[in-house]
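Trainee: Could you take a close look at one part of this model for me, the packing on the inside?

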Amino acid sequence: MTDSIDAIPPAPRGTVTAWLIRRLPYFIVLLFGVFGVAYTSMSGQPLKFYWEILAVIVGLACIAAGWRKTTDAASRRELVVTQSLHWLAFLIAMGILLLPSVNTFLNGPATGLALMLLLALGTFVAGVHVSAEIAVLGVLLALTVPAMAWLKRSALLLVLIALVIGAIVVAFRRAGANES
């Protein structure tokens, strides 16, 4: 005999808003990554502790995502050890990139993009072992590297396009107001 609870169909997953809210931490990490590249590009000075803290936060998110999928203490211990070693390696790589003897070869924007690429690679590789959503975050972080480089080169063109579109909108609004 089946329980009456088994007969109840599962509730729908939710709306797009619910989907976005569940993934809000990933969007926040992406936003902070873009901010870090933008700040480093504008100031010419990398925020060493900023990138380190962001990497630690992503590492903790990886542990939290993997924790939900494991059930026994040995698996959880292995998860913590492997993710800690993984992110320690990326923190060391970021530190090497920021050494004065290494950083003299890179300008501010290149340093920011290199740090973002390291964070993206670390996030993707960790996500392969822990969660597909974290792997997708790594891909999105990696895609922002060429996007930011393109945006920097094309900033003047984008401003000009925005000004032309704005002038057209103003002209049509004035024309529409004069006809009324």
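**Inside the core**

Mentor: Start with the largest nonpolar core, which has 31 residues. A core here is a set of buried Ala, Val, Leu, Ile, Met, Phe, Trp, Tyr and Cys residues joined through side-chain atoms within 4.5 Å. Trp51, Cys62, Trp87, Met94, Leu119 and Leu141 have the most contacts inside this core. Two or more core residues come from each of helix 3 (24–43), helix 4 (48–69), helix 5 (73–97), helix 7 and helix 8 (132–179); helices are DSSP runs (H or I, at least four residues), numbered from the N terminus.

Before going further: this is a predicted model, so local features need pLDDT of at least 70 and side-chain atom pairs 80 or more, while totals for chains, interfaces and linings use all residues. Residues are numbered from 1 along each chain as its sequence is written, and side-chain values use heavy atoms, leaving out hydrogens and water.

Now zoom in on Leu119. Leu119 touches (heavy atoms within 4.5 Å) Trp51, Leu54, Ala55, Val58, Trp87, Met94 and Leu141, skipping residues up to four places away in sequence. Among these partners, Trp51, Trp87, Met94 and Leu141 are also on the list of residues with the most contacts inside the core.

Threonine 123 is worth a look too, and its place is in helix 7 (residues 108–130). Threonine 123 counts as buried because its relative accessible area is 0%, and the cut-off is under 20% with a 1.4 Å probe, protein chains only.

Definitions and conventions: Buried means under 20% relative accessible area, exposed over 50%, partly exposed in between (1.4 Å probe, protein chains only).
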